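Hi,

Here is the model I promised to send over.

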Amino acid sequence: MNATDSYLSIAGESRGTYREKSSKFLAYAIPVIDEAEIKEKLEFLRKEFYDANHFCYAYRIGHETPAYRTNDDGEPSGSAGKPIYGQILSNNLTDILIVVIRYFGGKKLGIPGLIKAYRTAAKESLNQAQFIIKFITFHYQIHFPYTSMNEVMRILKEEDAKISIQSSEEQCRINFSVRKSQHEMIKSKLVRITGLIISMNE
């Protein structure tokens, strides 16, 4: 796996549970892409489990320079968010949020017990997850004469580009995405075509 071109995440939401001395820990591993989505997921879980005692979590988003955060939500510092985040790191995952919801059972676990409980709950949620490889992609738009259509399509097919928009008139337009590791090659081929204009989309 090319470290600059691909990364590991999870395909969908998964859940895990752990019990210790009457305390119940519910763990949710959720794929996310930005902080706005993270906020939305946290708010949803807080409403659904409104009677829980703690909502501890960790997330990691981004690829080349990932952003992350941990939250102990009232548990002793470092006893919840960090062990959750440790499970994300040990599996080399990104674009993921893990939330562990605790229902206090009346018996204190101590800091070592809390670390073990939050780590184990997070691990259980990942045990149920489907790991997937995702690729960092660049998005482009090209304009070109209709007479160049065959040549353009041949290049896009050779470089395994994914076409999202295509209009075939006298002046054609195609929007496509391509893996980061291939984008310089496909650009170098396309710019040789007379009359073709290429620009990067956000």
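Tyr-18, Phe-25 and Tyr-118 make up one aromatic cluster. Rings of Phe, Tyr and Trp (its six-membered ring) pair if their centres lie within 6.5 Å, and the planes decide the type: under 30 degrees apart is stacked, over 60 is edge-to-face and the rest is tilted. The count by this rule is five aromatic pairs. One of them is Tyr-18 with Phe-25, a tilted pair at 6.3 Å centre to centre and 45 degrees between the planes. Both Tyr-18 and Phe-25 are buried (buried is under 20% relative accessible area, exposed over 50%, partly exposed in between, with a 1.4 Å probe and protein chains only).

Then there's Tyr-68 with Tyr-85, which counts as stacked because the ring centres are 4.6 Å apart and the planes sit at 15 degrees. That pair links distant parts of the chain, with Tyr-68 in strand 5 (residues 67-71) and Tyr-85 in helix 2 (residues 81-90), 17 residues apart. Tyr-68 is exposed at 53% relative accessible area, whereas Tyr-85 is buried at 11%.

Before I go on, the housekeeping: this is a predicted model, so local features need pLDDT of at least 70 and side-chain atom pairs count only at pLDDT 80 or more, while totals for chains, interfaces and linings use all residues. Residues are numbered from 1 along each chain as its sequence is written, and side-chain values use heavy atoms, with hydrogens and water left out.

Back to helix 2. Its buried residues are Gly-81, Pro-83, Ile-84, Tyr-85, Gln-87 and Ile-88. Their cover includes strand 4 (54-61), strand 5, strand 6 (96-103) and helix 3 (110-127). After helix 2 comes Asn-92, with a positive phi near 55 degrees.

Two other spots with positive phi are worth a click. Lys-21, in the loop between strand 2 (14-20) and strand 3 (23-31), has phi near 50 degrees and is partly exposed at 46% relative accessibility. Asp-160, in the loop between helix 4 (149-158) and strand 9 (162-167), has phi near 55 degrees and is partly exposed, with a relative accessible area of 46%. For context, most residues other than glycine have a negative phi.

Arg-46 is in helix 1 (residues 35-48) and is partly exposed at 35% relative accessible area. Leaving aside residues up to four places away in sequence, Arg-46 touches Phe-55 and Asp-73 (contact means heavy atoms within 4.5 Å).

Now the whole chain. The protein chain has five helices and eleven strands, taken as DSSP runs numbered from the N terminus (helices H or I, at least four residues; strands E, at least two). Its radius of gyration is 23 Å, well over the 17 Å that the globule rule gives for 202 residues, so the chain is more spread out than a compact globule. That radius is taken over C-alpha atoms, and the rule is 2.2 Å times the number of residues to the power 0.38. Along the principal axes, the C-alpha trace spans about 75 × 30 × 25 Å. Of the 202 residues, 42% count as buried. Among contacts with a separation of 6 or more, 70% come from residues 24 or more positions apart.

Cheers
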